[in-house]
Amino acid sequence: MAGSGRLSDARDRLQYVDLDDMVNFMEDIFAAQDQGTWGKVLSDENAHRQNIIKRVIGYAPKCRIQEELAACVEAFMAADLQEDIVDLISNTLTRGSEEFHRHKLLQNLLLITLSKLASLESSGGLKKGMLKKQLRTLKGYDWEDIAELLIGEGQYEEAFVVYNKFGATKSAFSVLLTHMKDIERAKDYACFCESNEVWEMIKAVEDNE
């Protein structure tokens, strides 16, 4: 088991969580990579749960070992801490090591989680704005898979952002015409792209009306 000594330390510290000694506690629990210990830390029965979650989110960017961070994210997922997962990953991608800045799995997970949370919001919600911002900012995610996910969630504007960002012009037009049914916007976009193929797509739609 990874970090068996640290696992023992982390378990011992659970008995007397000292909020003034959180640095050592964080080092121990990250190094232990033990879901059982993470489960106790993130349990509703832990009186220090919210404080520890806050400290974990703050400590995560200091982590340099992918397996340790992966165990932490897995624990947050198991505890259904979706809002906190967004903060955890966003903070790590922004402030963590250069290696994590390009981490495809973390980027995918952040976007998937934001998509789920945004689907529960009304139009113009905070998470919808965060999702669109991250789609435009991040560069290393599986954009084709993410775009398909967004379409499946009915998040057509966000899917358009992805296709446009990565130069998938035909797919971007398909979103505008097939899903959003916005011919006028598609025409504006066609002028911007200067593509004969997309004008043919628009004409086909108009001919079928």
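Two residues are in contact when their heavy atoms lie within 4.5 Å. In this predicted model, aspartate 84 meets that condition with Ile53, Ile57 and Phe76, leaving aside its neighbours within four places in sequence. Aspartate 84 lies in helix α6. The residue is buried, yet it has no salt bridge. The nearest side chain of opposite charge belongs to arginine 49, 6.1 Å away.

Helix α6 covers residues 82-95. Among the buried residues of α6 are Asp84, Ile85, Val86, Leu88 and Ile89. Ser90, Asn91, Thr92 and Leu93 are also buried. These buried residues pack against α4, α5, α7, α8 and α9.

Helix α9 has 12 residues. It reaches 16 Å from its first C-alpha to its last, close to the 16 Å expected. Lys127, Leu131, Gln134 and Leu135 are buried in α9. They cover an arc of only 105° around the axis, which puts them on the same side of the helix. The face turned away from this buried side carries the exposed residues Leu126, Lys133 and Arg136. What covers the buried residues of α9 includes α6, α8, α10 and α11.

Leucine 135 belongs to helix α9. Its relative accessible area is 0%, so the residue counts as buried. Not counting residues up to four places away in sequence, leucine 135 touches Leu111, Tyr141, Ile146, Leu150, Glu158, Val161, Val162 and Lys165. Valine 162 is 27 residues from leucine 135 along the chain, but their C-alpha atoms are separated by 6.4 Å.

Leucine 135 also features in the largest nonpolar core, which has 60 residues. The residues with the most contacts inside this core are Phe30, Trp38, Val56, Phe76 and Leu135. Helix α8 gives the most to the core, with 7 residues. In soluble globular proteins, nonpolar side chains tend to be buried together.

Charged side chains were examined next. Side chains of opposite charge can pair when their charged atoms come close. The count comes to 6 salt bridges. One of them joins lysine 127 and glutamate 83, at 2.9 Å from N to O. Lysine 127 lies in helix α9 and glutamate 83 in helix α6, so the pair ties together parts that are 44 residues apart in sequence. Lysine 127 is buried, with a relative accessible area of 9%. Glutamate 83 is partly exposed, at 42%.

Another salt bridge links arginine 102 to glutamate 98, with the closest N and O atoms 3.3 Å apart. Arginine 102 is exposed, with a relative accessible area of 56%. Glutamate 98 counts as partly exposed, at 48%. Glutamate 184 and lysine 187 also meet in a salt bridge, at 3.9 Å from N to O. They are 3 residues apart in helix α13, so about one helical turn separates them. Lysine 187 is partly exposed, at 24% relative accessibility.

Glutamate 148 is placed in helix α10. It is exposed, with a relative accessible area of 53%. The C-alpha atoms of glutamate 148 and alanine 159 are 7.4 Å apart, while the two residues are 11 residues apart along the chain.

Note on methods:
Residues are numbered from 1 along each chain as its sequence is written. This is a predicted model: local features need pLDDT of at least 70, side-chain atom pairs count only at pLDDT 80 or more; totals for chains, interfaces and linings use all residues. Side-chain values use heavy atoms; hydrogens and water are left out. Helices (H or I, at least four residues) and strands (E, at least two) are DSSP runs, numbered from the N terminus. The expected span of a helix is 1.5 Å times one less than its number of residues. Buried means under 20% relative accessible area, exposed over 50%, partly exposed in between (1.4 Å probe, protein chains only). Lys and Arg count as positive and Asp and Glu as negative; His and the chain ends are not counted. A salt bridge is a side-chain nitrogen of Lys or Arg within 4 Å of a carboxyl oxygen of Asp or Glu. A nonpolar core is a set of buried Ala, Val, Leu, Ile, Met, Phe, Trp, Tyr and Cys residues joined through side-chain atoms within 4.5 Å. The arc is that of the directions from the helix axis to the C-beta atoms.
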